[in-house]
Every structure is written in structure tokens, then in C-alpha cells.
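I opened this model to look up its core, its sheets and its charged pairs. My entries follow in the order I made them.

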Amino acid sequence: MLKASQITEETSKRPVRYVIAHAVAMTIVVAAAMLIMAGCERKPVLTHSRFKHLPEAGWHKSLPLSFKPEYDDSTRAYDLTLALRHDNSYPYRNLSLVMDVFTADSSVNRQTVDIALADEYGNWLGGGFGALYQQVLTIARGVKPDEANTVVVWQAMEGCDTLRGLTDVGIIATPH
């Protein structure tokens with residue numbers, strides 16, 4: 001015949017084993033879920049930019065700026081953005097540029113770009129700190145790296161051989 005103390009002892013051991021087994025199983029499930037989530041993590045989106053500093057004496061019409069955009073993945077499409085930095089001494093409201101985009105097979109896509117840098121009241125557009133402002137304009141969307149191997153930028157302001165007040169010109173490549 002069983003004593004009451006033996007029965008109580010047996011039933012109290014059973015739930016403890018169950019609790020420990022359940023805790024171990026939950027730990028394994030959580031660890032597996034964390035590993036799966038880490039494997040699904042997206043790569044960070046990297047933006048690459050290249051800027052050319054312009055001489056203080058100004059940007060002459062005959063001086064082109066050449067850029068080789070940097071791409072992380074040759075199979076991915078990118079957006080190309082033109083960035084312009086100027087100071088308060090820039091004398092015009094707008095800027096006219098000619099851009100040549102060269103492909104890997106050396107064909108050229110030429111475009112004329114007109115960018116408003118100030119409104120009709122003379123207030124600078126874009127963002128910036130102090131006396132330095134930056135204006136950006138997307139020039140190409142969804143291009144593959146072999147479709148935009150090199151970008152050459154020319155200033156095309158009519159009646160102005162040397163353009164003063166621009167400090168930097170750049171090309172920014174961002175995954176599409």
C-alpha cells in the first residue's frame with residue numbers, strides 16, 4: 001500500500017520536470033527565430049557621392065567636370081542625382097548645365113539641365129548652413145551601372161565664361 005507522502009512526492013516532481021522541459025523548448029524556439037530573423041536581415045542601402053571642388057576664381061566654360069559614379073551591385077538599378085553647392089556670392093537665380101552620360105559601350109546621352117537656385121524674390125532654394133547652400137536634382141532614375149559609367153558636367157550659362165559663386169558639384173548614386 002502507498003503512503004500519502006509518496007504520492008505527494010511523485011506528483012510534485014512531475015510538474016517541475018515539465019516546467020524545465022518547457023523552458024528549454026521555448027529557449028530553443030526563440031534562439032531559432034532569432035537566427036532566422038538575422039538571416040533575413042536586409043543589407044544596408046549605401047549611397048555613394050563624388051564631389052568636385054571648384055576653383056575660387058570660378059568655373060570656366062571650357063573646364064568639364066568628370067565623375068565616375070560608384071555602385072555596390074552591378075545588377076541593381078540606381079538613381080543619379082546632381083548636387084550643387086553655392087554661396088551668397090552666386091550672381092544668378094538659376095544655373096544651366098550640359099550633362100553627358102557615357103555608357104559602358106561609349107555611347108553618350110546628352111541633356112541640358114536648368115536648375116532654379118533662388119525664387120523670384122532672391123531667396124535661396126535648397127538647404128544649407130550659413131552662407132553655403134545645396135540644391136539637388138535627380139537626373140536619371142533606375143539606371144544600371146553600365147548605362148551610366150561616366151558623367152561629364154559642363155557649365156552652360158549664356159554670356160558667362162567664368163561662373164563664380166559655385167563651390168562644389170557632385171553626383172550621388174542611390175539604389176533605386
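**Entry 1**

I began with the contacts of Leu95, leaving out residues up to four places away in sequence. Leu95 touches Leu84, Tyr90, Val113, Asp114, Ile115, Leu117, Met157, Leu163 and Leu166. Contact here means heavy atoms within 4.5 Å.

I noted the ground rules next. This is a predicted model, where local features need pLDDT of at least 70, side-chain atom pairs count only at pLDDT 80 or more, and totals for chains, interfaces and linings use all residues. Residues are numbered from 1 along each chain as its sequence is written, and side-chain values use heavy atoms, with hydrogens and water left out.

I then checked how enclosed β5 is. Of its 9 residues, 7 are buried, so the strand is largely enclosed by the rest of the structure. Buried is under 20% relative accessible area, exposed is over 50%, and partly exposed lies in between (1.4 Å probe, protein chains only). Strands are DSSP runs of E, at least two residues long, numbered from the N terminus.

**Entry 2: the core**

I looked up the largest nonpolar core, which has 30 residues. Such a core is a set of buried Ala, Val, Leu, Ile, Met, Phe, Trp, Tyr and Cys residues joined through side-chain atoms within 4.5 Å. Leu80, Leu82, Leu95 and Leu97 have the most contacts inside it. Elements that give two or more residues to this core include β4 (78-87), β5 (94-102), β8 (132-143) and β11 (166-175).

**Entry 3: the sheet of 4 strands**

I traced an open sheet in the order β3-β9-β5-β6, with antiparallel pairing. Strands count as paired if DSSP finds at least two bridges between them. β3 and β6 are at the edges with a single partner strand each, so one side of each has no neighbour in the sheet. From one strand to the next, the twist averages 20 degrees. Axes are lines fitted to C-alpha atoms, and angles run from 0 to 180 degrees between N-to-C directions.

Which strands does β5 pair with? I found 9 bridges to β6 and 6 to β9, both antiparallel. Leu95 has Ile115 in β6 as its bridge partner. Leu97 stands opposite Gln155 in β9. The hairpin of β5 and β6 has 5 residues between the strands, and Ser106 there takes a positive phi near 70 degrees.

**Entry 4: the sheet of 5 strands**

I followed another open sheet, ordered β1-β11-β4-β8-β7 and paired antiparallel. Its edge strands, β1 and β7 (127-129), pair on one side only. The twist averages 20 degrees from one strand to the next here. β4 and β11 are joined by 9 bridges. Arg85 has Asp168 in β11 as its bridge partner.

**Entry 5: salt bridges**

How many salt bridges are there? I count 2, taking a side-chain nitrogen of Lys or Arg within 4 Å of a carboxyl oxygen of Asp or Glu.

Glu70 pairs with Arg50, their closest N and O atoms being 2.3 Å apart. Glu70 sits in the loop between β3 and β4, and Arg50 in strand β1 (residues 48-53), 20 residues apart. Glu70 is partly exposed at 30% relative accessible area. Arg50 is partly exposed too, at 39%.

Asp100 meets Arg110 at 2.6 Å, N to O. This pair links strand β5 to strand β6, 10 residues apart.
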